Structures are given as C-alpha cells and as structure tokens.
Amino acid sequence: MLIIHRDNTYEKLTLPEACRNDFIGSIAEDKKGNMWFATEHGLLKYSDKKFKLFTKQEGLSANSVQSLLADYEDNLWAGTLGSGVNLFSGETFVSYNYRNGLSTENVTSIFTEPSGRTSYI
C-alpha cells in the first residue's frame, strides 16, 4: 500500500498484484501529474486512478528498475539493474548502456544538475 499526499489531500493506493510485494526503489512525478514507481517487476505508472506496468514487453531494457527522474523536458529516465538507463518520452523507450558510453549498466541513481543536463551515477 502507498499513500500519496497532493494538494492537501491523501490518497491510498493499492498496488497491482504483480508489484504488491516489490521493493520500490524510486518515485517520480512528471509535469502531467502522473506518478511513476521503480519496481522489481518494471516501471509502474499511476494516472487517472489506474496503474499501468511497463516491462520488457513494452520496450524497457530490464524489468528491475532502480531509479527514476522526470527531467525538465518531461522525459522520464529509468535506471535499471544490469541493463543501463531507459529514456521514455511518452511513446517509446530508448535504452542506453555500455555501447552508448555508460560506465556501468547498474544505474541506481539519476539526478539533474542545475544546468539541466542529465547525469548518471
């Protein structure tokens, strides 16, 4: 169970069955107010009181998502355990890994510098 506090109200969320016992590694909110959760079974989106799970079947590079960042351009970055980082623009996933210059494929933290450039650790 999760509790979200927004606009001076509390909302109790029951996770979908597939993610109920998952560790949630990170939470992000995009500019549209969608909530995103990094779980062991994929990237979980909460919008309009419904959950949608994104997995490898939808183009994610791995199901074990560890970290999230909603950037200034309203892209979502999802760091995985063992498969680099994924950029989601709302339509498709683009994966970045060793071949694209990442020093590790275990992305446990993502942050944005004050300049707006996205960096990975």
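Author: Let us start with polar contacts: a polar contact is a pair of N or O atoms within 3.5 Å, where within protein one atom must be able to donate a hydrogen and the other to accept it. In this predicted model, the side chain of S67 reaches the backbone oxygen of V107 at 3.0 Å, and S67 itself belongs to strand β7, residues 65-70.

Reader: Is S67 buried or exposed?

Author: A residue counts as buried under 20% relative accessible area, and S67, with a relative accessibility of 3%, is therefore buried. Leaving aside residues up to four places away in sequence, S67 touches several others, among them S26, A38, W77 and V107.

Reader: Where does D30 lie, and which residues does D30 touch, beyond those up to four places away in sequence?

Author: D30 sits in the loop between β3 (26-29) and β4 (35-39), and with that sequence limit D30 touches W36, A70 and D74. The relative accessible area of D30 is 12%, so D30 is buried. The side chain of D30 also reaches the backbone nitrogen of K32 at 3.0 Å, while the C-alpha atoms of D30 and N75, which are 45 residues apart along the chain, are separated by 8.0 Å.

Reader: Which elements have the lowest and the highest mean pLDDT?

Author: The lowest mean pLDDT among the elements, 65, belongs to strand β12 (residues 118-120), and the highest, 95, to strand β9 (residues 85-88); the protein averages a pLDDT of 88, with 97% of the residues scoring at least 70.

Key. Residues numbered from 1 in each chain as written. Predicted model: local features only at pLDDT ≥ 70, side-chain atom pairs only at ≥ 80, totals over all residues. Heavy atoms only, no water. Helix = DSSP H or I, 4+ residues; strand = E, 2+ residues; numbered from the N terminus. Buried < 20%, exposed > 50% of the residue type's maximum accessible area, 1.4 Å probe, protein only. Contact = heavy atoms within 4.5 Å. pLDDT = per-residue confidence, 0-100.
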